[in-house]
Amino acid sequence: MVSNDRYALIKNLFMSIMITWCFFIALWFLSNSWIKIVVLGLILVSGVVWFASRGLLRRVFKYVGVGVLIFAISFSAFEGYMFRNAGYPPTFDNSQQGITLSYPNMLDVSLTEIVQNVKNTPTFKLLMLEHPGEVSIGTITLDTEWPSGRIEVVLDHESDDLGFRFSANGGGPYHVSHTSLVGMPSRFNFYQQTPDMVLQQVDDLGLQWYYDRAIEAYQNKKGVAPEINALKITFMWGNQGNYQGMVIEMIGSYVVDNRGRGVFFANFQPDGTLNYFNTAT
């Protein structure tokens, strides 16, 4: 009798530890989504029913708890793999191995193609399964000063504080992370044109066109052509004087021994209007 009681106590303690472990695995390793809420709910319900019931019902919910634990571990591992291997950005320089983006090849890049490439990845579809709703372009960054080049796309979810960051550098695949947008303006409320529509306007002119205007502005101000070997271009929200909307920000730099020196800084409206232009002193 004492032996049976001791066995039951050990088994109950073991199951309690398993349920608690399952709960914390789901809490810490699963990303915030409806799947996480369902898993946590199943853990709590199965744990409560297991403690309060006897017989067949108790055994059923014991296996439910074990099944949820296996799912939580498996899904978090699968999600982690997908977030670390979210597909490759379009290749713009096939001649260089291990290079995501280089100057001046980046000036031929289509921003629309980059965004569509991200949205076609299985990882993006997984994110949409976990977070149903609309997404809009938050920022797109092309940076050749970053070692081996960098492409980063941040997509804003219609939720006020949720975004998805796709970042690739060194010729590697996109890595994905959730990003908080607390305090950022909602892309869903501010525009007469959506960022996607504005992006097409940018592609119609082409990044080379904005670059040429920046070089002209530098020559008009300094009297000589700028000496640059690195470029950073960002498509993002801007508030410049009377203008509020998406802008193209362009920073030309000269990099030696991994140390960059800014040469010019240009900020354009999508239609090509130059908001402002600065040069290094």
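## V153 in strand 2

At 0% relative accessibility, V153 counts as buried, and in this predicted model the residue belongs to strand 2, which covers residues 150–157. Once its neighbours within four places in sequence are set aside, V153 is in contact with I114, V118, T139, I140, F164, R165 and F166. Two of these partners, I140 and F166, are also listed among the residues with the most contacts inside the largest nonpolar core.

A further relation along the chain concerns V176, which is 23 residues away from V153 in sequence, the C-alpha atoms of the two being separated by 9.6 Å.

## Overall composition and the nonpolar core

The protein contains 7 helices and 8 strands, and 46% of its 281 residues count as buried. Among contacts between residues at least 6 apart in sequence, 59% join residues that are at least 24 apart.

In soluble globular proteins, nonpolar side chains tend to be buried together. Here the largest nonpolar core has 56 residues, and those with the most contacts inside it are L111, I140, L142, F166, F235, M250 and F264. Helix 7 supplies the largest share of this core, namely 7 residues.

Helix 6 (residues 195–205) and helix 7 (residues 207–222) have axes that come within 5 Å and cross at roughly 70 degrees, which makes helix 6 roughly perpendicular to helix 7. On the side of helix 6 the contact is made by Q201, V202 and L205, and on the side of helix 7 by L207, W209 and Y210. Sorted by class, this contact has 5 nonpolar residues, 1 polar residue and no charged residues.

Helix 6 also packs with helix 4 (residues 111–119), at an angle of about 135 degrees and with the axes 8 Å apart, so that helix 4 is oblique to helix 6. Here L111, T112, V115 and K119 of helix 4 meet D196, L199, Q200, V202 and D203 of helix 6. By class, the contact of helix 4 with helix 6 has 4 nonpolar, 2 polar and 3 charged residues. V202 takes part in the contact with helix 4 and likewise in the contact with helix 7.

## L207 in helix 7

L207, which lies in helix 7, counts as buried at 1% relative accessibility. Apart from its neighbours within four places in sequence, L207 is in contact with M106, L107, V109, L111, L142, V202, I233 and M250, and among these partners L111, L142 and M250 are named with the residues that have the most contacts inside the largest nonpolar core. L207 and L111 are 96 residues apart along the chain, while their C-alpha atoms are separated by 8.9 Å.

Strand 5 (residues 230–240) runs antiparallel to strand 6 (residues 243–256), and 11 bridges join the two. Along this pairing L231 stands opposite G252, and Q240 stands opposite Y243. The hairpin formed by strand 5 and strand 6 has 2 residues between the strands, and in it G241 takes a positive phi near 60 degrees. Strand 5 is mostly covered, with 8 of its 11 residues buried.

Strand 5 is also joined to strand 1 (residues 135–143) by 4 bridges, again in the antiparallel sense, and within this pairing F235 of strand 5 is the bridge partner of I140. Strand 6, for its part, pairs with strand 7 (residues 259–268) in the antiparallel sense over 9 bridges, where Y254 stands opposite R261 of strand 7.

## M250 and its surroundings

M250 is one of the residues with the most contacts inside the largest nonpolar core. With residues up to four places away in sequence not counted, M250 touches L207, Y210, Y211, A214, L231, K232, I233, F264, F265 and A266.

Definitions and conventions
Residues numbered from 1 in each chain as written. Predicted model: local features only at pLDDT ≥ 70, side-chain atom pairs only at ≥ 80, totals over all residues. Heavy atoms only, no water. Axes fitted to C-alpha atoms, helices over the stretch in contact; angles between N-to-C directions. Parallel < 35°, antiparallel > 145°, perpendicular 65-115°, else oblique. Contact = heavy atoms within 4.5 Å. Nonpolar A, V, L, I, M, F, W, Y, C, P; charged D, E, K, R; others polar. Core = buried A, V, L, I, M, F, W, Y, C linked by side-chain atoms within 4.5 Å. Buried < 20%, exposed > 50% of the residue type's maximum accessible area, 1.4 Å probe, protein only. Pairing = 2+ DSSP bridges.
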